[in-house]
Amino acid sequence: MSDTRIPLGALPPEGITLHLDDQTLWTGPLAEFGMDCRITSPLVADVQVMPLEDGYLVRGTLSGDATVPCNRCAEPMTVHLEEKFEDFEEAPSGDAEADGESRIVEEKGALYLDVAAIAWEQFVLALPPNPLCRPDCKGLCPECGANLNEGMCACARDEGDPRLAVLRGLKLNRQ
Ligand SMILES: [Zn+2]
Ligand SMILES: [Zn+2]
């Protein structure tokens with residue numbers, strides 16, 4: 001992985017812009033966390049870092065395609081990511097507890113911004129929290145696991161189970 005820590009001491013007043021397209025920035029953590037998500041068209045992040053009075057303005061864009069399983073039927077679906085982000089990173093106060101969430105790391109008295117962590121975080125935030133292959137995805141049959149988008153299965157869901165009858169009643173009442 002390329003070095004994605006920016007030395008903040010050397011930052012010019014107008015800031016700098018980084019172009020990140022090393023896929024291991026994302027494929028590395030995806031594998032590490034065992035996430036069921038694949039990158040299907042390369043991710044690109046452009047990150048601008050600008051010094052302000054008591055911290056740094058970090059803003060940029062992230063785009064690309066990722067494939068995630070539908071939350072209901074588990075079929076893979078592609079989501080197009082096109083995100084803009086803007087964050088303020090406070091300069092560390094020296095209080096380790098307060099600085100715990102900071103993306104600014106200190107090493108041998110010098111401050112660095114961990115751009116890799118920012119690129120990863122923005123990717124996770126860009127993923128839909130409840131991905132659905134289509135708004136009315138019917139999901140899987142709880143009995144046999146058949147994908148109900150492909151048609152009804154042979155399970156007799158309309159008979160026998162009083163709990164489902166109650167649910168049907170609720171649905172009818174709502175209309
Ligand atoms: Zn689905
Ligand atoms: Zn079934």
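1. Two strands count as paired if DSSP finds at least two bridges between them. In this predicted model, strand S3 (residues 38-52) and strand S4 (residues 55-69) pair in the antiparallel sense, with 12 bridges between them. One of the facing positions is Val 49, whose bridge partner in S4 is Val 58.

2. As to the overall layout, the protein chain holds three helices and seven strands. Read from the N terminus, the order of elements is β-β-α-β-β-β-β-β-α-α. The chain has 175 residues, and buried residues account for 32% of them. Of the contacts between residues at least 6 apart in sequence, 56% link residues at least 24 apart.

3. S3 and S4 belong to an open sheet of four strands, in the order S2-S3-S4-S5 and with antiparallel pairing. Strand S2 (16-20) and strand S5 (76-90) are at the edges; each has a single partner strand, so one side of each lacks a neighbour in the sheet. With direction ignored, neighbouring strands of this sheet are turned against each other by 10 degrees on average.

4. A further open sheet consists of three strands, ordered S1-S7-S6, and the pairing is antiparallel. Its edges are strand S1 (5-7) and strand S6 (104-107), each with a single partner strand, so each has one side without a neighbour in the sheet.

5. The pairings in the three-strand sheet can be taken in turn. S1 is joined to strand S7 (residues 110-114) by three bridges, and the two run antiparallel. Pro 7 stands opposite Tyr 112 in S7. S6 and S7 also run antiparallel and are joined by four bridges. In that pairing, Ile 104 stands opposite Leu 113 in S7.

6. What lies between S6 and S7 in the hairpin that they form? There are two residues between the strands, and Lys 108 in the turn has a positive phi of about 50 degrees.

7. Two of the helices, H1 and H2, contact one another. The axes of helix H1 (residues 24-32) and helix H2 (residues 115-126) come within 9 Å and cross at roughly 70 degrees. Because angles of 65 to 115 degrees count as roughly perpendicular, H1 is roughly perpendicular to H2. The crossing is right-handed.

8. Which residues make the contact between H1 and H2? From H1 come Leu 25, Trp 26, Pro 29 and Leu 30, and these meet Ala 116, Ala 119, Trp 120 and Phe 123 of H2. By class, the residues of this contact are eight nonpolar, no polar and no charged.

9. Both helices also lie across strands of the four-strand sheet. H1 lies across S2, S3 and S4, and runs at about 115 degrees to S3. H2 lies across S2, S3, S4 and S5, and its direction is at about 130 degrees to S5.

Key: Residues numbered from 1 in each chain as written. Chains lettered and ligands numbered in written order. Predicted model: local features only at pLDDT ≥ 70, side-chain atom pairs only at ≥ 80, totals over all residues. Heavy atoms only, no water. Axes fitted to C-alpha atoms, helices over the stretch in contact; angles between N-to-C directions. Parallel < 35°, antiparallel > 145°, perpendicular 65-115°, else oblique. Left-handed = near helix turned anticlockwise from the far one by under 90°. Contact = heavy atoms within 4.5 Å. Nonpolar A, V, L, I, M, F, W, Y, C, P; charged D, E, K, R; others polar. Buried < 20%, exposed > 50% of the residue type's maximum accessible area, 1.4 Å probe, protein only.
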